[in-house]
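Work through the exercises below with the sequence and coordinates open. Try each task before reading its solution.

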Amino acid sequence: MAIRRDEAIILRTRDYSESDRLITFFSRNQGQLTGIAKGARRSKKRFVHTLEPCSHVSVTYVDRQTSGLVRLDASELKNAFIALRSDIARLGYASLSCEIVLGMSPERQANAALFALLYQYLEQLERGAEPENTSLLFQTRILHLSGYGPNLQGCVLCGRKPRAGGNWFFSILQGGLVCKDHKHGQQPYPVSLGTVMLLRQAQQLPLAKLWRLRFQRQSRQECRFLLIDLVRHYLEKDLKSLKLLHQIGALNSTNDRI
Ligand SMILES: [Zn+2]
C-alpha cells in the first residue's frame, strides 16, 4: 500500500454510493487513475470545490495495487480556471478536451507531454483564447501524441505528394491524405494545401509555440468535423460534450468570420 501525492487534472466525477463519489483524474506521474472519494457526497468540506471536472489539483491517494481504484484522501485546489467556467463556449470546449483525454489515455500510463498539453490548453482558454481554434490545435496534437496522428506526407495509397491547386482529401479510414484518384469509397473530407501545412505544424511545433497557430476560415471549415470525427473513429464512441457545443451553436459556420 503506497500513499502518493501528485498533480492532477480532474476529468470526470460520478456519484458512487449514497455518500461517495468516483473521481477520474489525469495525474502527471501516473497518468489516468480513478479514485473513490469517501464521504464526498455528504461532507462538502473535505473536498470543497476540488473535484470539479477541469480543475487543476494536488491529490493525495492510497494505491493498494497495480490496477483498479485508488482511495482519494485529499484534493487541494491549485487552479479552478474560474474565468473559463464563466463562458459556456469555453467551458464546453474544456469539457470536450477532458472527455477526449479520458477516452484516449490508458489507465496508469504516465504521459508528461499529454499532461502539459491539457494543462496549457486549459490555461489558454482561461486567458481568453478563441476556443474553437484552441480546441482544433489541442485535437491535432493529442491525436499525434497518442500515435493516431494522421499521415500528412502524401497520398497514403500511392505516395503522391500534395501540391498547390490540386484536389486533396482526407480519409478517416486510411488515417491520412488521399489524392483525387484514391478518394473513392473513403468518405473523403476535402483539404487544401494550406490546411495540410497547418496540421503538420500543429503536430511538430514545440508546445509553447503551438498556441500561436491560427485556423483561418478555410482551414477551420475543413477541420471542424474532420478532427473530431477522427477522434471519434479511434474512440469508437460518441462524445457527450459535442451535444452541448451543438446546442449553443459553437460548431456553426457563423463562427467563420475570422
Ligand atoms: Zn493516390
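Buried means under 20% relative accessible area, exposed means over 50%, and partly exposed lies in between (1.4 Å probe, protein chains only). This is a predicted model: local features need pLDDT of at least 70, side-chain atom pairs count only at pLDDT 80 or more, and totals for chains, interfaces and linings use all residues. Residues are numbered from 1 along each chain as its sequence is written, and side-chain values use heavy atoms, with hydrogens and water left out.

**Exercise 1. Describe how the zinc ion is coordinated.**

Step 1. Find the donors (N, O and S atoms within 2.8 Å of the metal, or 3.2 Å for Na, K and Ca; water is not among the atoms, so sites may look incomplete). They are Cys155 (SG), Cys158 (SG), Cys179 (SG) and His182 (ND1), at 2.1 to 2.4 Å.

Step 2. Check the angles. Four donors count as tetrahedral if all angles lie between 85 and 135 degrees. Here the angles run from 98 to 116°, so the arrangement is tetrahedral.

Step 3. Read the spacing. In sequence it is C-x2-C-x20-C-x2-H. Cys158 and Cys179 link distant parts of the chain, 21 residues apart. Cys158 sits in the loop between helix H4 (131-145) and strand E6 (168-171), Cys179 in strand E7 (residues 176-179). Helices (H or I, at least four residues) and strands (E, at least two) are DSSP runs, numbered from the N terminus.

**Exercise 2. Are Cys158, Cys179 and His182 buried or partly exposed?**

Step 1. Cys158 has 37% relative accessibility, so Cys158 is partly exposed.

Step 2. Cys179 has a relative accessible area of 1%, so Cys179 is buried.

Step 3. His182, in the loop between E7 and E8, has 27% and is therefore partly exposed.

Step 4. Beyond four places in sequence, His182 contacts (heavy atoms within 4.5 Å) Cys155, Leu157 and Cys158.

Conventions:
Four donors count as tetrahedral if all angles lie between 85 and 135 degrees; four count as square planar and six as octahedral if opposite donors are over 155 degrees apart and all others between 65 and 115; anything else is irregular.
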